[in-house]
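Reader: I would like to go through this model feature by feature. Please give the general idea each time, then the case at hand.

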Amino acid sequence: MALKRGFFLIIGLCSLILGLIGIALPLLPTVPFILLSAFCFARSNDRLHNWLVTHPWFSEGIHQWQSKRALSKTLKRRAMLMSCLSFTISIVIVPLMWVKIMLFTMMLILVFFLWRIPELE
């Protein structure tokens, strides 16, 4: 049991770190990593889970996802806008054409993923 809790704790912490880095880096989507952290913390550490689900930045999206498996239009559009903005900045800055194409493809995949998430009415 302790091994299982430790595994979920390590995965949750790594996921949280990647999600926080993903706020600034376009290649790492923040929302899936934060949701994975919430899932792992719920199975490993009550204190970290409570901190995450009551955090002002993440609580709204986590509660919406846990209760209804959907996100509000505002949160979904904000995620799409910020993702497109950060990818666009990266595409403009990068000098290599193949990297620009790769970034653009990844942006399209992420936007498609976000677009498919159900919206709350």
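**Contacts and cores**

Author: Leaving aside residues up to four places away in sequence, Ile-117 touches Trp-65, Ala-70, Leu-71 and Lys-76. Contact here means heavy atoms within 4.5 Å. The model is predicted, so local features need pLDDT of at least 70 and side-chain atom pairs count only at pLDDT 80 or more, while totals for chains, interfaces and linings use all residues. Residues are numbered from 1 along each chain as its sequence is written, and side-chain values use heavy atoms, with hydrogens and water left out.

Reader: Which residues make up the largest nonpolar core?

Author: A nonpolar core is a set of buried Ala, Val, Leu, Ile, Met, Phe, Trp, Tyr and Cys residues joined through side-chain atoms within 4.5 Å. Buried means under 20% relative accessible area, exposed over 50%, and partly exposed in between (1.4 Å probe, protein chains only). The largest core has twelve residues: Leu-71, Ala-79, Met-80, Phe-87, Ile-91, Val-94, Val-99, Leu-103, Met-107, Leu-110, Leu-114 and Ile-117. Helix 5 and helix 6 each supply at least two residues of this core, and helix 6 gives the most, with five. A second, separate core has ten residues, among them Ala-38, Leu-52, Phe-58 and Ile-62.

Reader: How many helices and strands does the protein chain have?

Author: Both are DSSP runs numbered from the N terminus: helices are H or I with at least four residues, strands are E with at least two. The protein chain has six helices and zero strands, in the pattern α-α-α-α-α-α along the sequence. The C-alpha trace spans about 50 × 35 × 20 Å along its principal axes. Of the 121 residues, 36% are buried. Among contacts between residues at least 6 apart in sequence, 55% join residues at least 24 apart.

Reader: Take helix 2 as a case. Is Phe-41 buried or exposed?

Author: Phe-41 lies in helix 2 and is buried, because its relative accessible area is 0%. Not counting residues up to four places away in sequence, Phe-41 touches Leu-9, Gly-12, Leu-13, Leu-16, Asp-46, Leu-48, His-49 and Leu-52. Phe-41 and Ile-10 are 31 residues apart in sequence, with their C-alpha atoms 9.3 Å apart in space. Ser-44 is also found in helix 2, which covers residues 30–44. Its relative accessibility is 7%, so Ser-44 counts as buried. With residues up to four places away in sequence left out, Ser-44 touches Arg-5, Phe-8 and Leu-9.

Reader: How many salt bridges are there, and which side chains meet?

Author: A salt bridge is a side-chain nitrogen of Lys or Arg within 4 Å of a carboxyl oxygen of Asp or Glu. The count by this rule is one. The side chains involved belong to Glu-119 and Lys-76, at 3.5 Å from N to O. Glu-119 lies in the segment after helix 6 (97–116) and Lys-76 in helix 5, so the pair ties together parts that are 43 residues apart in sequence. Glu-119 is partly exposed at 31% relative accessible area, whereas Lys-76 is buried at 4%.

Reader: How many aromatic pairs are counted?

Author: Rings of Phe, Tyr and Trp (its six-membered ring) pair if their centres lie within 6.5 Å; planes under 30 degrees apart count as stacked, over 60 as edge-to-face and the rest as tilted. The count is four. Trp-57 and Phe-58 form an edge-to-face pair, 6.2 Å centre to centre with 85 degrees between the planes. Trp-57 is exposed at 64% relative accessible area, while Phe-58 is buried at 10%. Phe-112 and Trp-115 form a tilted pair, 5.9 Å centre to centre with 35 degrees between the planes. Both lie in helix 6, three residues apart, about one turn of the helix. Phe-112 is partly exposed at 45%, and Trp-115 is exposed at 56%. Ring pairs also link Phe-7, Phe-8 and Phe-39 into a cluster.
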